[in-house]
Amino acid sequence: MAAADSDCDVIMAPAAAGDEGEDAGTRREAESFKEQGNAFYAKKDYNEAYNYYTKAIDACPSNASYYGNRAATLMMLGKFREALGDAQQSIRMDDSFLRGHLREGKCHLSLGNAMAASRCFQRVLELDHKNAQAQLELNNARTVLEYEKIAEADFEKRDFRKVVYCMDRALEFAPACHRFKILKAECLALLGRYPEAQSVASDILRIDSTNADALYVRGLCLYYEDCIEKAVQFFVQALRMAPDHDKACIACRNAKALKAKKDDGNKAFKEGNYKLAFDLYTEALAIDPNNRKTNAKLYCNRGTLNSKLRKLDEAIEDCTNAIRLDDTYIKAYLRRAQCYMDTEQFEDAVRDYEKVYQTEKTKEHKQLLKNAQVELKKSKRKDYYKILGVDKNASEDEIKKAYRKRALMHHPDRHSSASAEIQKEEEKKFKEVGEAFTILSDPKKKARYDSGQDLEEDGMNMGDFDANNIFKAFFGGPGGFSFEASGPGNFFFQFG
């Protein structure tokens, strides 16, 4: 709170015009009331001080100092608008009353009217050019005007953090200025700091329940928190108080349009009309880029739609946009993680599931994380299904046929006339084919492999087996098979 004078006016002002009608007894009684008021003021019992100054004014309403003292008391009670009226009354009675001009200036400054405050302090300096308090307060008023100017420019540049900073500094000199508080609250809302913004707006509404600007900011916070129906109620109420409130009008229109598009998109999605749903979500996203929370949900909804259509890259992009707007949005992480799983980007899936589990430690989320970790581990091993060229659900017969084809394709004898580099590469593939067949043809080994278990930890050293022995066993033993050339680069298989 801005400080008022350190003491009140203790010298009785000279009788003004009209005092002739007040007899000496009345003036003495009024002076007694003033003295009692001064005593209570000194004890910081401002309510009692106010009562006695009011009695003094009632007894002797033509004394400027009584109004001045009551103005000082009201300032200490934080009632600057009422104090302004008393201060102005005191200088109407006595234009040379320095403290009256100072108090009027302080009230104007506390209420945020720095221009009017400057005129008051300049008037004091005209009457007393050495008045240090007036010079100090004039500098304060100029500081507030400078912060206002900077804040206005920064708001246009959408540098809302800077505006909040300027308003905080201005409010140090103008603690009762609703205009500064509202601008700060609006910028806090635009920065996503909704609890702080709502607190400022609510404080104003407790004092003035019809303040259209505060109603607008309360609605704005609800709107940005995706409580659109409640937000519309506040916007409508603000427009009742101030029908020409442009910001409330625009916000109300956007809120209604956004809700309608989102609801229509959800309806189309549920009905299976995915093309229409996609278009409606996209149109909704264009309505208000500042509404991060609602737009995050729209992106996630569109991501779900794209995943249904198996447009997984687009789904991942939509979910990423949702998370960029709201990094606490669990549903978007879950949707993106599933898309990562479907596209075998297991490291990214694990990262998302870890984020989810850290936020919500449920059994379901723990299992999803575990599944992703298993798939990641499996992805870093040799893919035996890929080596044989079969599906993960391949039957025993399909696995045998695939082994036959691949083993013959990569058998070293078939490449005996090739370069040393090719022979080495084909031998490696031949061994991998044998290794894959060893695992996938054995139900127990296959089950352990499919579950993601480390086969070597289970006592299976894959470096100990002989691919040639597997080949011979499969094709009927020694001498049962040979490669013979039938021309350059051509081979035929001969069974004994």
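The axes of helix H17 (residues 330-342) and helix H18 (residues 346-359) cross at roughly 155° and come within 8 Å. Axes here are lines fitted to C-alpha atoms, for helices over the stretch in contact, and angles run from 0 to 180 degrees between N-to-C directions. H17 and H18 are therefore roughly antiparallel to each other, a term for angles over 145 degrees, while those under 35 count as roughly parallel. On the H17 side, the contact (heavy atoms within 4.5 Å) includes Ile330, Tyr333 and Leu334, and on the H18 side Phe346, Asp348 and Ala349 are among the residues involved. By class, this contact has 10 nonpolar, 2 polar and 5 charged residues.

The model is predicted: local features need pLDDT of at least 70, and side-chain atom pairs count only at pLDDT 80 or more, whereas totals for chains, interfaces and linings use all residues. Residues are numbered from 1 along each chain as its sequence is written, and side-chain values use heavy atoms, without hydrogens and water.

A second pair is formed by helix H5 (residues 98-110) and helix H7 (residues 132-156), which pack at an angle of about 20° with their axes 11 Å apart. H5 and H7 are therefore roughly parallel to each other. Leu102, Lys106 and Leu109 in H5 meet residues of H7 including Gln133, Ala134 and Glu137.

In total, the protein has 24 helices and 2 strands. Of its 496 residues, 45% are buried, that is, under 20% relative accessible area with a 1.4 Å probe, protein chains only.

How values were computed:
Helix = DSSP H or I, 4+ residues; strand = E, 2+ residues; numbered from the N terminus. Parallel < 35°, antiparallel > 145°, perpendicular 65-115°, else oblique. Buried < 20%, exposed > 50% of the residue type's maximum accessible area, 1.4 Å probe, protein only. Nonpolar A, V, L, I, M, F, W, Y, C, P; charged D, E, K, R; others polar.
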